[in-house]
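Please find below a short note on the model under review.

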Amino acid sequence: MVIVVSDMKILPSDSDMKLVTTDLDVFEEEEDLYRYGAMKGNNAALSQPLLSKVEREAMVEEIKKEQRGMVNEIESKSKTCEETLMKEMKEEFKSREEESKIREEVMMSKIERMSDVEDALFRELKEIKEKLLRFELVVVTLASISIALVAYLSLRQK
């Protein structure tokens, strides 16, 4: 018995079928390519544009809507981010301002205390000067009385 190879039919196995099946993600693209390839073989179909003018305009309009949507989304996100940054900056400014006010109040209270101490020192110095002047007056008075007494006694004895 003679077997002719051209009469034989080769059937693919399950693993072979998995290799040639189209992934669902690119199925639409493969269909478009298949249609384009089929049109290329047919000259009459090739003269027709792939998409009609209405379909192209609809696609362009849909793309524009998507772009507008993306632009609006980006703008809203940037505004939100900007507002958040501004709030953070204002809060930081307020906290720094409060800190500086507290420091200023502390410094003013220190200055007031120093002023009180300075006033007390001036009063004490004034009192010491007055006491010194009184002491000098007492010494001069006693010296004068002593001299007068010595002079009186020495004149009286003669």
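The numbered points below go from the whole chain to single residues.

1. Basis. This is a predicted model, in which local features need pLDDT of at least 70, side-chain atom pairs count only at pLDDT 80 or more, and totals for chains, interfaces and linings use all residues. Residues are numbered from 1 along each chain as its sequence is written, and side-chain values use heavy atoms, with hydrogens and water left out.

2. Secondary structure. The protein chain has four helices and zero strands, where helices (H or I, at least four residues) and strands (E, at least two) are DSSP runs numbered from the N terminus.

3. Of the 158 residues in the protein chain, 1% are buried (buried is under 20% relative accessible area, exposed over 50%, partly exposed in between; 1.4 Å probe, protein chains only). The chain exposes about 15900 Å², with 61% supplied by carbon and sulfur atoms; accessible areas come from the Shrake-Rupley method with a 1.4 Å probe, and for residues only the protein chains shown count as cover.

4. Salt bridges. The structure holds three salt bridges (a side-chain nitrogen of Lys or Arg within 4 Å of a carboxyl oxygen of Asp or Glu). In the pair R96 and E92, the closest N and O atoms are 2.9 Å apart; both residues lie in helix α4, four residues apart. R96 is exposed at 54%, whereas E92 is partly exposed at 39%.

5. A further pair. E61 forms a salt bridge with R68 at 3.5 Å between the closest N and O atoms.
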